[in-house]
Amino acid sequence: MSLIEVRHLRKEYPGATPLKDVNATVDEGEVVSIIGPSGTGKSTFIRCLNRLETPTSGQILVDGVDVCAPDVDLPKMRQKMGMVFQNYALFSHKLVVENLMMAPMDLLGMNKQDAYDQALDLLKMVGLKDKALNWPHELSGGQRQRVAIARGLAMKPKILLFDEPTSALDPQMVSEVLSVITSLAERGLTMLVVTHEMRFARDASTRVFYMDQGELWESGTPKQIFENPQRKETRDFVFRVRNWSWEIHSVDYDYPAMISSLQAFCARQFLGRNITLKCRLVIEEITSTLLIPLAEKHGVADPHIGYELSAGEGSEEADLLVDLRTLAASGVNESEILGLADEITGQILENNVLRQYVDASGGLHLVIG
Amino acid sequence: MVKRARNRSLFLLLAAMLLAFGLVPVFAYADGEEPTPMYQTLDELAGKRFAYVNGSVYNLKVQEQIDGTSEEFYPSLAECVAAVEAGKEDAAVQLSYCCQLVVNRRPGTVALLPQPVADVSEGFFFPRGSTLTAQFNELIAKFGADGTLRALEEKWVAADEAGKTLPEQDWDAPNGTLRFVTSGVIEPFSYVGEGGVPKGYDVELALLIARELGYHLEVSTLPMDSIFAAVDTGKADFGGTLTNTPERASVCDFSDTVMPTTISVVVKSQEGASAGEGGFFGGMAESFRKTFIEEDRWQLILSGLGVTLLISVLAGAFGLLLGYGTVLARRSGVRWVGKLVDAYQALMGRIPIVVVLMLLYYVVFGSIDVAGELVAVIAFTLAFGATAGSTMWTAVKGIDVIQEETGLALGYTRHQVFSKIVFPQARQQFMPQLMGQFVNLVKDTAIVGYIAVADLTRAGDLIRARTMDAFFPLISTAIIYFLICLLLAWVLRRIAARFDTEQRPRNIEGVVEK
């Protein structure tokens with residue numbers, strides 16, 4: 001029998017239906033990453049599992065217990081399922097070690113010494129034993145999230161649920177939290193992790209759920225989902241998370257938003273400082289000194305400049321596709337655009353662009369590195 | 001038929017009594033039927049509770065005549081009579097003319113004792129050494145001789161309000177303007193007429209004298225307790241009228257009597273009565289000695305301080321419980337309960353506490369014999385409960401909902417989540433604000449004098465009214481309040497420190513390191 005069994009789960013709010021019809025099973029010891037676009041019910045799904053949300057219809061069996069039954073002992077059922085939230089939510093009125101001692105003492109009847117010993121062991125496991133007597137506000141976001149994970153473990157749950165555990169963290173703190181979660185996966189704890197960290201989903205999980213439009217769209221091993229997705233939506237999503245794209249629709253475009261989005265992508269793909277800086281320089285230069293003046297010169301209100309940057313994780317090179325087709329269609333002289341390629345490499349960016357080429361559909365590619 | 005006959009005999013009895021009262025010439029301006037007083041003679045009032053107007057010294061006269069009476073002071077005769085009507089006091093004492101007026105204005109509920117208590121002499125008073133005193137005395141004597149005073153008396157005690165107007169100040173005033181302060185609460189001597197203009201026997205006499213002396217007159221009204229101070233401190237050139245006592249005469253100069261008159265006792269009429277209790281006292285002398293030593297007035301202040309602290313601490317404790325109750329009620333999620341709490345907090349937030357206090361004392365508990373102190377505790381519990389409750393609720397609401405979900409996800413029940421996780425974190429935030437609100441509560445209790453509770457402020461008022469020394473008792477009261485609030489804030493900080501994580505030692509008691 002599966003540890004978790006979900007049948008025809010549906011959740012409706014007035015005016016929204018985040019979960020339409022979800023069917024899934026999770027076996028003991030599985031580490032399931034739940035990926036998918038924002039707002040497609042991933043969080044709602046795992047919040048239904050421990051009844052922080054009450055499903056509209058359907059059935060959820062956890063360890064053989066129907067958690068939707070009206071007479072279910074919710075607190076007891078929840079003790080079997082730890083949960084780690086995006087915002088860690090440590091209890092600010094308690095020392096770090098007390099955050100880990102509270103629930104076992106209050107709910108499991110553990111004596112103080114045992115709770116303390118266990119808390120220190122768990123803190124040691126997440127690498128924070130020396131912070132035991134600190135106040136939560138004295139810790140960094142990554143440290144707090146590790147404490148929150150240890151707090152969940154203190155109740156000795158069978159299942160641990162993670163709701164975007166790294167989304168609120170600075171990029172450099174993501175890895176310290178992910179490595180803790182990965183180490184738990186190796187210990188055989190059953191985990192469901194809603195995440196945007198594709199590398200974690202690919203490397204640390206035994207199975208990946210792709211959720212879209214309120215349904216479990218596709219489920220399979222990381223290899224299946226990332227390398228051979230069966231459905232178009234999954235393919236698009238997997239492509240999107242590996243590529244950065246941006247469109248400029250006005251000569252008064254939002255420059256800071258574009259740059260911060262680019263940098264977030266580079267951080268997510270673990271691109272080095274050097275290549276990140278080069279990508280930024282190239283895109284800045286093309287936009288502000290070449291394309292925008294060109295659009296202004298020809299009076300094009302919506303230049304529709306498109307960028308698409310793709311780079312493998314940790315790669316030293318990045319491929320930038322500059323989409324100028326709309327600009328060309330808006331009456332900009334074709335020879336001017338064609339002359340651009342030489343100008344870009346020759347004049348401004350010779351240190352940053354390795355080579356350029358035009359693909360089969362006529363798109364201009366710059367290889368940055 | 002039987003009923004009608006009984007009514008007729010009752011009517012005849014009343015008529016006979018009226019006839020007897022009508023023989024007392026001083027009450028010539030009385031109109032309408034006289035109700036029957038509860039008591040007929042002064043002796044029957046031995047050991048009873050007497051109400052006086054702030055600043056009056058008629059208690060001394062009464063105590064000469066009647067044994068074992070207690071005394072309470074109120075802002076004006078109206079409050080005294082209201083207390084008598086409510087059964088909180090047995091008798092109210094004031095100038096006979098004033099008493100008769102009150103009895104006429106409240107037909108049936110109160111009545112006048114047939115015999116006046118004593119003769120009294122009221123006069124204008126001046127800053128010590130003022131040259132006006134002698135000039136006034138000369139004119140009072142002249143007006144007495146030529147019948148002016150008699151005419152004034154007849155005019156102002158008449159039932160017809162229409163004729164009671166003041167002369168225009170159309171005379172020349174080579175000597176400038178005199179500033180005259182009067183209470184404005186003692187009809188027919190000094191009261192506020194149409195358009196808020198002060199008038200009355202005292203006011204017109206002051207005008208006539210000013211005209212003779214070549215002055216114009218500027219009349220203003222002040223609370224009873226303040227008029228003596230206004231003259232003493234030079235904010236006015238003269239005031240009046242008040243009873244001349246040796247102690248007062250040691251601070252200000254008094255004119256001769258402007259109208260020889262009597263004081264009378266107002267008691268409940270025979271249509272119902274209830275019992276209660278009361279009793280408080282203050283006395284008379286100069287600055288510190290006058291305020292604290294004479295007549296052991298320090299005891300008054302000490303017991304006032306005790307009352308202030310008692311009311312504050314009880315209302316603080318009960319208000320805290322009530323406030324916590326409103327938080328729990330709101331958390332229940334029941335719609336109408338939330339609306340009820342909203343309504344309660346909106347009501348308390350929009351009605352001045354002094355009005356709430358008086359509503360409770362004179363209306364809600366009007367017919368019940370209940371100690372003013374208890375009413376005060378109830379009123380301030382309601383007030384503090386509303387502010388404390390909304391402060392707590394704001395802090396509780398400010399705790400991120402994720403804290404609650406985290407607790408639930410760990411396996412706590414909803415109730416445990418609140419008591420162990422949400423409330424302790426909210427408490428860290430609302431404690432400083434709540435402490436400030438409690439200190440405000442202590443200061444706010446200064447208004448309990450309105451319901452004749454002798455707190456610290458009231459003790460100061462009473463002493464002030466007796467000594468007629470404004471500065472020293474006020475400063476003393478201010479200093480005592482300041483020190484008490486300082487002390488309370490310190491105690492509260494010590495208590496709050498127990499809940500403050502920043503001040504807690506970083507250790508876990510009762511465990512050993514492996």
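The dialogue below treats the interface between the chains and then the sheets of each chain.

Tutor: This is a predicted model, in which local features need pLDDT of at least 70, side-chain atom pairs count only at pLDDT 80 or more, and totals for chains, interfaces and linings use all residues. Residues are numbered from 1 along each chain as its sequence is written, chains are lettered from A and ligands numbered from 1 in the order in which they are written, and side-chain values use heavy atoms, with hydrogens and water left out.

Student: How much area is buried between chain B and chain A?

Tutor: Contact, meaning heavy atoms within 4.5 Å, involves 36 residues from chain A and 28 from chain B. Buried area is the accessible area (1.4 Å probe) that two parts lose on being put together, summed over both. Carbon and sulfur atoms give 57% of a buried area of about 3000 Å².

Student: Which residues of chain B lose the most area to chain A?

Tutor: Three residues together account for 22% of what the chain B side buries. One of them, Arg506(B), also meets Glu138(A) in a salt bridge of 2.4 Å, N to O. The residues asked for are Leu410(B), Arg506(B) and Ile508(B).

Student: How many salt bridges does the rule find across the interface of chain B and chain A?

Tutor: The rule requires a side-chain nitrogen of Lys or Arg within 4 Å of a carboxyl oxygen of Asp or Glu. Across the interface of the two chains, the number of salt bridges is three.

Student: Which element gives the most residues to the side of chain B that touches chain A?

Tutor: Helices (H or I, at least four residues) and strands (E, at least two) are DSSP runs, numbered from the N terminus. Two elements of chain B, α15 (401-410) and α16 (414-444), each give two or more residues to the side that touches chain A. With seven residues, the greatest contribution comes from α15(B).

Student: Why is one side of β11 and of β13 of chain B left without a neighbour in the sheet?

Tutor: Two strands pair if DSSP finds at least two bridges between them. In chain B, five strands form an open sheet of mixed pairing in the order β11-β7-β12-β6-β13. Because β11 (216-221) and β13 (252-254) of chain B stand at the edges, each has a single partner strand.

Student: What angle does the direction of helix α5 of chain B make with that of β6(B)?

Tutor: Axes are lines fitted to C-alpha atoms, for helices over the stretch in contact, and angles run from 0 to 180 degrees between N-to-C directions. Helix α5 (residues 132-145) of chain B packs on the sheet, touching β6 (122-127), β7, β12 and β13 of chain B. Its direction makes with that of β6(B) an angle of about 155°.

Student: Which residue in β8(A) is the bridge partner of Phe162(A)?

Tutor: The open sheet of chain A has six strands in the order β6-β7-β8-β3-β9-β10. Within that sheet, β7 (residues 159-163) and β8 (residues 190-194) of chain A are parallel and share five bridges. The partner of Phe162(A) is Val193(A).

Student: Which residue in the hairpin of β1(A) and β2(A) takes a positive phi?

Tutor: Strands β1 (residues 4-13) and β2 (residues 16-26) of chain A run antiparallel, joined by six bridges. Two residues lie between the strands of this hairpin. The positive phi, near 85°, belongs to Gly15(A).
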